[in-house]
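Visitor: I would like to go through one structure with you, one question at a time. Please show it first.

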Amino acid sequence: MATNPYDWIEQSLETIHRADWYRSVQTIEGRPGAIVQLEGQSLINFASNDYLGLAGDERLIQAAVAATQEFGTGSTGSRLLSGHRELHGQLEQAIASLKQTEDALVFSSGYLANLGAIAALVGKRDLVLSDQYNHSCLKNGALLSGANVIEYPHCDVDALRSHLSQQRDRYRRCLILTDSVFSMDGDLCPLPAILELAVQFSCMLLVDEAHATGVLGVTGAGCVEHFGCTGYQIVQVGTLSKALGSLGGYIAGSAALIDFLRNRAASWIYTTALSPADTAAALSAVKIIQQEPERRQQLWHSVDYLKQLLSQQLPKVKLLPSESPILCFQLESAADALKVGKKLITSGIFAPAIRPPTVPTSRIRLSVMATHEPVHIERLVAALSQVDG
Ligand SMILES: *Cc1c(COP(=O)(O)O)cnc(C)c1O
């Protein structure tokens, strides 16, 4: 008897629904910013990764339009064939200058940068040690590499050390993977201690600065700068699509590393080069990050103000530990998180529920932007106090 081989998909969807894990898209209209239009309703936006408010900045838009006029919409091929433009080189030099590394390489997304770099750096004879809360692309990069992967408990340097003392000798190369700012929690990795272990045990270290670039460090270079680790041999990954307001990803590091990736990173070699518009917008953003530190200061003022109001007015709210503009409060269940997210929308606040399997426990995730005004933060806290009571 012939059964429909796709029947399981609908059954699987039903299971997802029953667990309150079902997800669907919501339409944002108009330009991104501190206020957004969500399906006809005007909401204060605490759901965006656009930390510096650059995704709707006139200068990025003009740079993208000008690049499109001059170079067209598509880059027409991979970088090694017909896709390379002078703009790509300029952006890579700008990123290397921001990160104070010898060179950098831009990919079509941060996800692809991680997949490509990890799979190029390690293979079957090697060991990967990965923080259990790392972003999906670090985990999948490790799987793709074919290396032996050990997940260590979140930010647990002692566990990492003990795995290294027991396992390091059995492998050719070893790569430690960590987010610098954990994207769904907002805490920071203990970078100096991890770097020390990497040096001691002769391991490569890849740090994902997706939520830190433009946000942390005196010049906005990220967590590596924040912790005073600039100049050490670290494979720094990041995205052009969060604080930089565009689309794409990058690796920054030594000239040899970048040269090697141009020859071995499949997700860079076998994919079309970044579009002129995205490249030009990101280049404009890197310059703004370097020239306008006041944006970053404004962001941190807003983060401090929100934390202060929450501790004064809502001492009962359980915030997860955070040292970034990402603030999360935990809820009992996925259903609760959904309910709170919906209630916040009726109060004019856009702050999404984050549920398993993205995270182990359900939560509301708030991300603060440099373009939030004090009144936006005050309205958020007022809305939260209604949910609470
Ligand atoms: C968002 C994110 C990425 C992916 O970056 P994209 O450019 O959006 O693909 C990678 N790592 C972390 C930690 C992220 O939060």
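Visitor: In which loop is the place of Q100?

Guide: This is a predicted model, in which local features need pLDDT of at least 70, side-chain atom pairs count only at pLDDT 80 or more, and totals for chains, interfaces and linings use all residues. Helices (H or I, at least four residues) and strands (E, at least two) are DSSP runs, numbered from the N terminus. In these terms, Q100 sits in the loop between α4 (86-99) and β4 (103-107).

Visitor: What is phi of Q100 near?

Guide: Most residues other than glycine have a negative phi, and most peptide bonds are trans. Q100 is exposed, at 54% relative accessible area; buried means under 20%, exposed over 50% and partly exposed in between, with a 1.4 Å probe and protein chains only. Q100 is a residue other than glycine, yet its phi is positive, near 55 degrees.

Visitor: E39 is not a glycine, so what is its positive phi?

Guide: E39 belongs to the loop between β2 (35-38) and β3 (41-45). With a relative accessible area of 51%, E39 is exposed. Its phi is positive, at about 45 degrees.

Visitor: Which peptide bond is cis, with omega near 5 degrees?

Guide: Look in the loop between β13 (353-354) and β14, where P357 has its place. The cis bond, with omega near 5 degrees, runs from P356 to P357.

Visitor: E209 has no salt bridge, so how far away is the nearest side chain of opposite charge?

Guide: E209 lies in the loop between β8 (204-208) and α9 (223-226). Its contacts (heavy atoms within 4.5 Å), leaving aside neighbours within four places in sequence, include K99, S180 and Q236. Lys and Arg count as positive and Asp and Glu as negative, with His and the chain ends not counted, and a salt bridge is a side-chain nitrogen of Lys or Arg within 4 Å of a carboxyl oxygen of Asp or Glu. E209 is buried without a salt bridge, and the nearest side chain of opposite charge, K99, is away by 4.1 Å.

Visitor: How many salt bridges does the structure hold?

Guide: Side chains of opposite charge can pair when their charged atoms come close. D57, R59, E292 and R295 are linked in a network of such bridges. For the structure, the number of salt bridges is 14.

Visitor: How many residues apart in sequence are the parts that D126 and R173 tie together?

Guide: D126 and R173 form a salt bridge, with their closest N and O atoms 3.9 Å apart. D126 lies in the loop between α5 (110-121) and β5 (127-131), and R173 in the loop between α7 (157-167) and β7 (174-179), so the parts they tie together are apart in sequence by 47 residues.

Visitor: D185 forms a salt bridge with which residue?

Guide: D185 lies in the loop between β7 and α8 (191-200), and its partner is in strand β14 (residues 363-367), so the pair ties together parts 178 residues apart in sequence. Both partners are buried. The closest N and O atoms are 3.0 Å apart, and the partner of D185 is R363.

Visitor: At what angle do helix α12 and helix α13 pack?

Guide: Two packed helices are described by the angle between their axes and the distance between the axes. Axes are lines fitted to C-alpha atoms, for helices over the stretch in contact, and angles run from 0 to 180 degrees between N-to-C directions. The axes of α12 (residues 276-291) and α13 (residues 293-313) are 5 Å apart, and their angle is about 75 degrees.

Visitor: How do α5 and α10 lie to each other, roughly?

Guide: The axes of α5 and helix α10 (residues 255-264) come within 10 Å and cross at roughly 100 degrees. Angles under 35 degrees count as roughly parallel, over 145 as roughly antiparallel, 65 to 115 as roughly perpendicular and the rest as oblique. The two helices, α5 and α10, are therefore roughly perpendicular.

Visitor: How many nonpolar residues has the contact of α5 with α10?

Guide: A117, A120 and L121 in α5 meet L257, F260, L261 and R264 in α10. Ala, Val, Leu, Ile, Met, Phe, Trp, Tyr, Cys and Pro count as nonpolar, Asp, Glu, Lys and Arg as charged, and the others, Gly among them, as polar. By class, the contact of α5 with α10 has one charged residue, no polar ones, and a nonpolar count of six.

Conventions: Residues numbered from 1 in each chain as written. Heavy atoms only, no water.
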